[in-house]
Amino acid sequence: MDQYRVFGNPIKQSRSPFIHQKFAEQTNEQLNYQSEYVEIGEFAQAVQHLISVGGKGANVTAPFKEEAMALCDKLTERAKLAGAVNTLSFVNGEVWGDTTDGDGLVNDLLANDVVLKNKKILLLGAGGAAKGVILPLLEQSPAQLVVANRTVSKAEAIIQQYPKHPITCCSFEEVTDHKFDVIINATSAGLNGQALPISEEVIQQNVTCYDMTYGKTLTPFLQLAKQRNAVKLIDGLGMLVGQAAVSFAIWRNTQPETKQVLALLREEILK
Ligand code: NDP
């Protein structure tokens with residue numbers, strides 16, 4: 001049976017085996033997808049071992065996404081721009097790398113009927129997750145994309161990669177525009193229960209608030225959005241399923257349906 005892995009450290013929390021098993025059942029694809037804990041410094045070995053046992057591909061999660069990029073023979077444009085790879089394919093003795101987080105996010109926004117074309121989008125954060133979603137967001141032709149980050153120099157470095165697009169950056173404190181249509185939290189602040197230092201006024205009633213983080217209860221950012229009566233609150237579980245669907249399609253050349261798997265995963269998370 002074709003072998004796939006998700007490599008990470010830590011990895012126990014990964015929902016990817018659950019998602020890919022459901023996709024395989026749904027599409028009648030015969031594959032084995034498992035999570036694998038990799039020691040720091042042993043990522044390349046883990047990939048080589050998978051290839052040696054006939055592995056077909058792998059997902060990569062923190063902290064190996066940059067290392068994964070470095071060992072690829074071929075990269076997609078979006079992976080180059082993101083500076084990270086979350087999907088490896090082993091093809092004719094070569095390692096091909098792609099990043100599917102951005103499409104996962106955009107597909108989830110569109111599935112939730114969020115319009116991006118000609119809209120003003122605020123992206124909070126400039127880490128790996130933020131970098132991976134910028135090109136797919138810009139491909140939706142927003143009127144403006146503002147990247148706000150605690151360390152502004154990181155956001156500046158990112159926007160320089162997109163000289164021909166309507167993208168700007170600033171610190172959290174400098175976000176004073178109250179006319180955003182979509183605000184996406186791509187920081188890890190909520191994981192530690194930390195609030196983001198943005199003015200509450202930035203969240204107006206017509207805004208869709210999306211948090212890449214997810215959990216059993218509303219994240220701190222989505223709690224704030226709820227208090228502010230934001231029109232739509234969406235967590236990152238749909239992005240997780242969405243990025244997995246894009247990886248699955250790359251490997252198996254068949255597009256799985258995400259809605260039902262997302263509903264099953266939501267049940268799992270709440271257990
Ligand atoms: P990184 O460590 O690469 O980046 C973290 C980001 O959060 C940086 O912009 C950092 O700012 C910012 N940050 C961290 N703490 C604070 C704080 N207290 N106040 C303000 N900003 C803060 O992480 P990733 O980009 O890989 O992941 C970010 C989040 O996205 C995580 O919660 C992760 O779980 C989630 N994610 C979800 C996915 C999904 O499929 N749903 C996929 C990928 C990620 P600075 O640059 O100043 O340090």
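The model is predicted, so local features need pLDDT of at least 70 and side-chain atom pairs count only at pLDDT 80 or more, while totals for chains, interfaces and linings use all residues. Residues are numbered from 1 along each chain as its sequence is written, and side-chain values use heavy atoms, leaving out hydrogens and water.

**The nonpolar cores**

- A nonpolar core is a set of buried Ala, Val, Leu, Ile, Met, Phe, Trp, Tyr and Cys residues joined through side-chain atoms within 4.5 Å; buried means under 20% relative accessible area, exposed over 50% and partly exposed in between (1.4 Å probe, protein chains only).
- The largest core has 29 residues, and Leu105, Leu123, Ile134, Leu137 and Ile184 have the most contacts inside it.
- Elements giving two or more residues to this core include α5 (101-111), β7 (120-124), α6 (128-138) and β10 (182-185); helices (H or I, at least four residues) and strands (E, at least two) are DSSP runs, numbered from the N terminus.
- With six residues, α6 gives the most to this core.
- Beyond its neighbours within four places in sequence, Ile184 is in contact (heavy atoms within 4.5 Å) with residues including Leu105, Leu137, Tyr210 and Met212.
- A second, separate core has 21 residues, among them Leu122, Cys170, Val175 and Cys209.

**Helix α8**

- Phe221, Leu222, Leu224 and Ala225 are buried in α8 (residues 220-227).
- These residues lie on the same side of α8 because they cover an arc of only 155° around the axis, taken from the directions from the helix axis to the C-beta atoms.
- Their cover includes β7, β10, β11 (208-211) and β12 (232-235).
- Exposed Lys226 and Gln227 sit on the face of α8 turned away from its buried side.
- After α8 comes Asn229, with a positive phi near 60°.
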